[in-house]
Amino acid sequence: MSSTPADQPRATGEPREDDLAELFLRATKRLHRIQAARLSSLGLTPAQGRALRIIGRAAEHADEPLRMSALADRLGIVPRSATTVVDALVSAGLVAREPDPANRRATLVTPTAAGSQALHRMSEARRDGAEEMFVALTPEQRYTLRDLLATLTSAESAPR
């Protein structure tokens, strides 16, 4: 039974191609743990942090506040789950909810002043977490990794 080059570890110690997914997954999980710990110190869960970032981006870049249904879509969750996340953010004073004047059945969400401050602290925590994760890489390696990840994410939207 013969083996193919993909079955053999490379002489340089580089991972086999089939190890790439596993290594990528492990690195992603480590980054998630680092980020979750930093969000926790701000009193937020990863889901709350992600929702607050989406609400904050919409407030910065949209002409009108974000509807709850649009937030659920962007989070990839059902509207009831989005309500639970927003309830926690409202209770923490980070988000305000108001009826949509254009559609009385819809609800709009916007960051409060405290929410905007939390977004700034989250951004700092993310930068610090990334620094912790990537400290082992040289600046050149970081640049190369950034380029590779950009290629992989842009391939997501490329026609097949």
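This is a predicted model: local features need pLDDT of at least 70, side-chain atom pairs count only at pLDDT 80 or more; totals for chains, interfaces and linings use all residues.

Entry: Asp100 and its partners.
I began with Asp100, whose relative accessible area of 7% is under 20%, and therefore I recorded Asp100 as buried. I then looked for its charged partner and found that Asp100 forms a salt bridge with Arg67, with 2.5 Å between the closest N and O atoms. The pair links distant parts of the chain, since Asp100 belongs to strand β2 and Arg67 to strand β1, 33 residues apart. Arg67, at 29% relative accessibility, counts as partly exposed, whereas Asp100 is buried. Asp100 also has a place in the strand pairing, where its bridge partner in β3 is Asn103.

Entry: the sheet.
In what order do the strands of the open sheet stand? I read the order as β1-β3-β2, three strands with antiparallel pairing. β1 and β2 stand at the edges with a single partner strand each, so one side of each has no neighbour in the sheet. I followed the pairing of β1 with β3 and found two bridges between these antiparallel strands, with Leu66 having Val109 in β3 as its bridge partner. Strand β2, residues 95-100, is joined to β3 by six bridges, and this pair too runs antiparallel.

Entry: helix α3.
Which residues of helix α3 are buried? For this helix, which spans residues 68-75, I listed Met68, Leu71, Ala72 and Leu75. They cover an arc of only 100° around the axis, which means that they lie on the same side of α3. The spacing made sense to me once I recalled that an α-helix has 3.6 residues a turn, so residues three or four places apart point the same way. I next asked what these buried residues of α3 pack against, and the elements are α2 (46-61), β1 (66-67), α4 (79-91) and β3 (103-111). After α3 comes Gly76, which has a positive phi, near 75°.

Entry: the other salt bridges I looked up.
A search of the whole structure finds five salt bridges, and I went through two further pairs besides that of Asp100 with Arg67. In one of them, the side chains of Glu131 and Arg142 meet at 3.1 Å, N to O. Glu131 lies in helix α5 (residues 113-134) and Arg142 in helix α6, so this pair ties together parts that are eleven residues apart in sequence. I recorded Glu131 as partly exposed at a relative accessible area of 41%, and Arg142 as partly exposed at 29%. In the other pair, Arg146 and Asp147 meet through their side chains in a salt bridge, at 3.1 Å from N to O. Arg146 counts as exposed at 51% relative accessibility, while Asp147 is partly exposed at 33%.

Entry: Arg30.
I turned to Arg30, which is found in helix α1 (residues 17-40) and is partly exposed, with a relative accessible area of 36%. Which residues does Arg30 touch, leaving aside those up to four places away in sequence? I found Glu132 and Met133. The C-alpha atoms of Arg30 and Met133 are separated by 7.9 Å, although the two residues are 103 residues apart along the chain.

Entry: a nonpolar surface patch.
Last, I looked up a nonpolar patch on the surface, which is formed by Phe24, Leu149 and Leu152 and has about 290 Å² of accessible area together. Of its members I checked Leu149 in detail: Leu149 is found in helix α6 (residues 139-157), and at 31% relative accessibility it counts as partly exposed.

Methods
Residues are numbered from 1 along each chain as its sequence is written. Side-chain values use heavy atoms; hydrogens and water are left out. Buried means under 20% relative accessible area, exposed over 50%, partly exposed in between (1.4 Å probe, protein chains only). Helices (H or I, at least four residues) and strands (E, at least two) are DSSP runs, numbered from the N terminus. The arc is that of the directions from the helix axis to the C-beta atoms. Contact means heavy atoms within 4.5 Å. Patches are made of residues with over 30% relative accessible area and no salt bridge: like charges are joined within 9 Å, nonpolar side chains (Val, Leu, Ile, Met, Phe, Trp, Tyr) within 5 Å. Accessible areas come from the Shrake-Rupley method with a 1.4 Å probe; for residues, only the protein chains shown count as cover. A salt bridge is a side-chain nitrogen of Lys or Arg within 4 Å of a carboxyl oxygen of Asp or Glu. Two strands pair if DSSP finds at least two bridges between them.
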